[in-house]
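Work through these exercises with the model open beside you. Try each task before you read its solution.

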Amino acid sequence: METEEVATVTRGVGPRTSTGFEYIFPAIRGVQAGREYYVSMCPLRLIPKIFVFDEDELGPELRAQRILNKGRLPALTKYVLDNPDDYVFSALTASVDGDMDFESTGTDGTAFRTGQLRISMAARFLINDGQHRRAAIELALKENPDLGDETIAVVFFHDSGLARSQQMFADLNRHAVRPARSIGVLYDHRDSEAQITRTVVSRSAVFKGYVEMEKSNLSARSRKMFTLSALYYGTQALLQGVEVKPGEGAALAQAYWEAVDKLLPEWAAVRRLELSASEMRRDFIHSHGIALHALGRIGNSLLRDSTSVTKWKRRLAPLKKVDWSRSNNDWEGRAIVGGRVSKSHQNVTLTVNYLRNHLGLGLSPEEQRVEDAYLRGDA
């Protein structure tokens, strides 16, 4: 069933009697903490019309939502527009400040829980969860009005005042945990770099069985050498802007990482069980995310100059002379800050610079700026 946008006269329905315009939603009634709530499906075309944002100009103590982060909207909107046959949005949660009546289809069992939810058009709808989805839907509809007939689930609560709405926001977000980046890469079948990374892991003896596929951090005792997310960012940096034929990206990435492997003897030592993965991570930095990202950027420079395997392998060869051990003081301030490996953008760039100098590659203006600041002691 679809939400009806109707003008009707309501007489003696539920606990009230009124005359006016109403939204009629097919709905299911539920109870949480002794309070009724209702779940319905709402056409996307109605979302921008009936759901309003909390006032941005009010102080946070007077609002029941965070301020809309407009920087998130382009990516969300693009996601919907690029995947019209395959996008997924979870339910919106809203409080209704106004007349709201539920007419069940019967008095017992399932019939008592299903029916029509009537909400006055004069009521105010306040989003407790999903304001960015709502804004993205509005923007997507402007570019693709055909989306308007599709629906999104909405959970309606009766508005019990500002304090209750603020508590709902806090409770809905209290236990929200962003999934680890590695499992996002593992499950993402739209991102071409994610697909390439998974293919390399499954095909290459360098990585197969040595990559943590779910977590983005390795425990001290982990037998894995790399995280999927670290390899993803390294591979993404490697292939950025490199022109390859469709389907050849994985083969090129695999060839590059296997060439790197031949220049880092500790990787092979772990596979031969001569060195444990935990010992390697403890004593060397070349399996950490910052190193993989930096190696990806180095490879990108080589591949942009020439995709000839013989040529870029020859230029990569001096990598074998790099001292990757943590005891190498050159890494302090570049890859290591205060005794810990740092993954900040600045530290990645400083690590790239160090490798470029060993390979005889020039620095870009931005890399030179970061390098000069480091040498001055400003970094």
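**Exercise 1: Two helix pairs**

Helices α9 and α13 cross in a right-handed way. This comes from a predicted model.

Task: Describe how α9 and α13 pack, and find which residues meet.

Solution. 
- Step 1. Start with the geometry. Two packed helices are described by the angle between their axes and the distance between the axes.
- Step 2. Take the two values. The angle between α9 and α13 (residues 309–316) is about 35°, and the axes lie 11 Å apart.
- Step 3. List the contacts. From α9 come A255, Y256, A259, V260 and L263; from α13 come W312, K313 and L316.
- Step 4. Sort them by class. This contact has seven nonpolar residues, no polar ones and one charged one.

Task: Is the pair α7 and α9 parallel or oblique?

Solution. 
- Step 1. Find the angle. The axes of α7 (residues 192–203) and α9 (residues 249–263) cross at roughly 55° and come within 9 Å.
- Step 2. Apply the cut-offs. Angles under 35 degrees count as roughly parallel, and 65 to 115 as roughly perpendicular.
- Step 3. Conclude. α7 and α9 are therefore oblique to each other. Their crossing is right-handed.
- Step 4. Check the contacts. I196, T199, V200 and R203 of α7 meet G249, A250, A253 and Q254 of α9. By class, that gives four nonpolar, three polar and one charged.

**Exercise 2: The cores**

Task: Which residues have the most contacts inside the largest nonpolar core?

Solution. 
- Step 1. In soluble globular proteins, nonpolar side chains tend to be buried together.
- Step 2. Find the core. The largest one has 55 residues.
- Step 3. Trace the helices. Among those that give two or more residues to this core are α7, α9, α12 (289–305) and α14 (345–359).
- Step 4. Look elsewhere. A second, separate core has 32 residues, including L44, L92, M100 and V154.
- Step 5. Zoom in on W257. Beyond four places in sequence, W257 touches residues including F207, L231, W267 and L295.

**Exercise 3: One arginine**

Task: Is R281 buried or exposed?

Solution. 
- Step 1. Locate R281. This residue sits in helix α11.
- Step 2. Read the area. R281 has a relative accessible area of 9%.
- Step 3. Compare with the cut-off. Buried means under 20%, so R281 is buried.
- Step 4. See what surrounds R281. Outside four places in sequence, its contacts include L218, R221, K224, M225, H288 and R326.
- Step 5. Compare sequence with space. R281 and M225 are 56 residues apart in sequence, yet their C-alpha atoms are 7.6 Å apart.

Note on methods:
Residues are numbered from 1 along each chain as its sequence is written. This is a predicted model: local features need pLDDT of at least 70, side-chain atom pairs count only at pLDDT 80 or more; totals for chains, interfaces and linings use all residues. Side-chain values use heavy atoms; hydrogens and water are left out. Axes are lines fitted to C-alpha atoms, for helices over the stretch in contact, and angles run from 0 to 180 degrees between N-to-C directions. Helices (H or I, at least four residues) and strands (E, at least two) are DSSP runs, numbered from the N terminus. Angles under 35 degrees count as roughly parallel, over 145 as roughly antiparallel, 65 to 115 as roughly perpendicular and the rest as oblique. A crossing is left-handed if the near helix is turned anticlockwise from the far one by less than a right angle, and right-handed if clockwise. Contact means heavy atoms within 4.5 Å. Ala, Val, Leu, Ile, Met, Phe, Trp, Tyr, Cys and Pro count as nonpolar, Asp, Glu, Lys and Arg as charged, and the others, Gly among them, as polar. A nonpolar core is a set of buried Ala, Val, Leu, Ile, Met, Phe, Trp, Tyr and Cys residues joined through side-chain atoms within 4.5 Å. Buried means under 20% relative accessible area, exposed over 50%, partly exposed in between (1.4 Å probe, protein chains only).
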